Amino acid sequence: MKKLEFEIAGIPALLVGEPSERLYLYVHGKMGCKEEALDLAERACPAGYQVLAIDLPEHGQRKGRTEKLLPWVAVPELQAVYRYAAARWPEVSLRATSIGAWLSMQSLQRMPLEKALLVSPVVDMEDLITHMMQWADVTGAQLEAKGEIPTTFGETLSWPYLCWVKEHPICWKVPTQVLYGGKDNLISRPVIEAFCDKSSATLTVMEEGEHWFHTELQLAVLQEWERAYI
């Protein structure tokens with residue numbers, strides 16, 4: 001497959017596939033990178049799409065840079081990437097994972113996307129942060145007073161982040177397919193089902209799946225799901 005590495009407004013980007021009028025914008029999750037899009041391209045390019053992927057802050061080629069993976073940083077970046085794509089491809093769709101899906105929905109909810117494929121999407125960040133606070137035995141008053149509180153499970157709770165989330169609700173109306181693991185330990189089934197009901201998204205559940213689809217069987221299910229809905 002044809003591959004091109006370049007930058008969009010200083011953001012490392014990867015474009016895969018032969019010239020086409022249809023594009024998938026690929027947004028990875030935490031600990032991911034733009035090169036993950038090469039797997040999607042194995043199915044999307046034969047179906048007539050190109051795939052454009054970028055590295056989110058603190059990921060891929062952006063490790064060690066000053067930009068942080070914060071919504072007020074990532075959202076304007078993703079909007080700039082979308083504007084780049086929309087100016088060059090008549091049809092733009094989204095494929096995003098986990099927090100990448102949440103950031104994408106924050107960024108693109110008012111954009112005319114053709115469709116979206118979301119894997120283990122964070123669909124209610126306030127609910128997730130609230131549960132993390134409970135896991136860490138941190139109250140809202142404590143978090144507001146301290147601003148930031150590190151946790152034993154590797155996440156830093158942030159009052160400014162929580163406030164931003166509350167001030168920026170998502171209204172998602174793009175035709176959407178969701179793939180969810182029945183053993184997801186971050187996003188509860190009622191939360192994902194409520195999102196799908198509200199947004200009219202179609203939900204596919206792999207009962208043995210986890211938040212991170214990584215085993216041979218899980219990846220096979222993910223790839224078959226992509227093949228069915230690309």
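User: How many helices and strands does the protein chain have?
Analyst: The protein chain contains eight helices and 10 strands. Please note that this is a predicted model.

User: And what is its radius of gyration?
Analyst: The protein chain has a radius of gyration of 17 Å. A compact globule with 230 residues would have a value near 17 Å, so the two agree. Along the principal axes, the C-alpha atoms fill a box of roughly 55 × 40 × 30 Å.

User: What share of the residues is buried?
Analyst: Of the 230 residues in the protein chain, 50% count as buried.

User: Which buried residues does helix H1 have?
Analyst: Helix H1 covers residues 37–44, and its buried residues are Ala37, Leu40, Ala41, Arg43 and Ala44.

User: Where do they fall, seen down the axis of H1?
Analyst: The buried residues of H1 fall within an arc of 165°, so they line one face of the helix. As background, an α-helix has 3.6 residues a turn, so residues three or four places apart point the same way.

User: How far apart are the mean positions of the positive and negative charges?
Analyst: The mean positions of the 22 positive and 31 negative charges lie 4 Å apart in the protein chain.

Key: Residues are numbered from 1 along each chain as its sequence is written. This is a predicted model: local features need pLDDT of at least 70, side-chain atom pairs count only at pLDDT 80 or more; totals for chains, interfaces and linings use all residues. Side-chain values use heavy atoms; hydrogens and water are left out. Helices (H or I, at least four residues) and strands (E, at least two) are DSSP runs, numbered from the N terminus. The radius of gyration is taken over C-alpha atoms; the globule rule is 2.2 Å times the number of residues to the power 0.38. Buried means under 20% relative accessible area, exposed over 50%, partly exposed in between (1.4 Å probe, protein chains only). Lys and Arg count as positive and Asp and Glu as negative; His and the chain ends are not counted. The place of a charge is taken as NZ of Lys, CZ of Arg, CG of Asp or CD of Glu. The arc is that of the directions from the helix axis to the C-beta atoms.
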